[in-house]
Amino acid sequence: MNYTNRQEVRFKEIGRINAPELCAIPGLLDDISLNGCKIHYQFPLVVDLDSEYEIKISPNSQTDDHPLNLICKPQWVKEIQGNTYIGFQILYSPDVNRLAEFINYLSQKEDDDFPEIK
């Protein structure tokens with residue numbers, strides 16, 4: 001869980017990203033929140049910061065087999081040692097309700113990892 005300068009809690013999560021308008025090769029999910037996500041590709045990639053992209057996210061912790069279908073707009077892009085990192089803002093999307101359920105699941109899962117100390 002990451003609270004730094006964010007409106008929503010961001011959860012570390014690994015998953016597969018399919019964004020054919022961005023790249024034919026799948027990327028990797030690094031973290032996710034109700035408002036955004038960070039992904040990366042293991043090679044340099046040109047990203048149009050003015051475009052919206054439909055991305056399908058298949059997180060490892062997901063409770064079903066259907067990827068989350070989200071409409072996202074890149075907020076920043078960084079290339080570090082040949083990898084391209086992209087921070088996306090999640091716009092109104094077809095699976096916004098499923099995303100909220102998934103974030104709630106991650107929150108509950110994280111709470112379960114830390115038992116209450118009495």
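Guide: Let's begin with pairing: two strands count as paired if DSSP finds at least two bridges between them. Strands themselves are DSSP runs of E with at least two residues, helices are runs of H or I with at least four, and both are numbered from the N terminus. Before we go in, note that this is a predicted model, where local features need pLDDT of at least 70 and side-chain atom pairs count only at pLDDT 80 or more, while totals for chains, interfaces and linings use all residues. Residues are numbered from 1 along each chain as its sequence is written, and side-chain values use heavy atoms, with hydrogens and water left out.

The part I'd pick is the barrel. Six strands close up in the order S1-S2-S3-S6-S5-S4, and their pairing is antiparallel. From one strand to the next, the twist averages 45 degrees; for angles like this, axes are lines fitted to C-alpha atoms (for helices, over the stretch in contact), and the angle runs from 0 to 180 degrees between N-to-C directions.

S1 and S2 run antiparallel and are joined by six bridges, and they make a hairpin with three residues between them. You can find some of the partners yourself: Arg16 has Leu28 in S2 as its bridge partner, and Gly15 stands opposite Leu29 in S2. Moving on, S2 pairs with S3 over four bridges, again antiparallel, with a hairpin of three residues joining them. Here Leu28 turns up again, and its bridge partner in S3 is His40.

S5 and S6 pair in the antiparallel sense over eight bridges, and Pro74 has Phe88 in S6 as its bridge partner. The hairpin of S5 and S6 has two residues between the strands, and Gln81 there takes a positive phi near 50 degrees. That is a positive value in a residue other than glycine. Gln81 counts as exposed because its relative accessibility is 78%. For that label, the cut-offs are under 20% relative accessible area for buried, over 50% for exposed, and partly exposed in between, using a 1.4 Å probe and protein chains only.

Next, the nonpolar core, meaning a set of buried Ala, Val, Leu, Ile, Met, Phe, Trp, Tyr and Cys residues joined through side-chain atoms within 4.5 Å. The largest one has 25 residues, and Leu22, Ile32, Tyr41, Ile55 and Ile57 touch the most other members. Strands S1 (11–19), S2 (23–32), S3 (36–41), S4 (53–59), S5 (68–80) and S6 (83–90) each give two or more residues to this core, as does helix H1 (96–113). H1 gives the largest share, four residues. In general, nonpolar side chains in soluble globular proteins tend to be buried together.

Take Ile55 as one member. Leaving aside neighbours within four places in sequence, its contacts (heavy atoms within 4.5 Å) are Ile17, Asn18, Ala19, Cys37, Leu68, Asn69, Leu70 and Cys72.

Then look at Phe102, which lies in helix H1. Phe102 counts as buried because its relative accessibility is 6%. Not counting residues up to four places away, Phe102 touches Glu13, Ile32, Pro59, Ser61, Gln62 and Leu68. Phe102 and Ser61 are 41 residues apart in sequence, yet 8.7 Å apart in space, C-alpha to C-alpha.

Finally, the rings. Rings of Phe, Tyr and Trp (its six-membered ring) pair if their centres lie within 6.5 Å; planes under 30 degrees apart are stacked, over 60 edge-to-face, and the rest tilted. There are three aromatic pairs in the structure. Tyr41 and Phe43 form a tilted one, 5.7 Å centre to centre with 55 degrees between the planes. Tyr41 is buried at 1% relative accessibility, whereas Phe43 is partly exposed at 25%. Tyr53 and Phe88 are edge-to-face, because their centres are 6.4 Å apart and their planes stand at 75 degrees. This pair links distant parts of the chain, with Tyr53 in S4 and Phe88 in S6, 35 residues apart. Tyr53 is buried at 7%, and Phe88 is buried at 2%.
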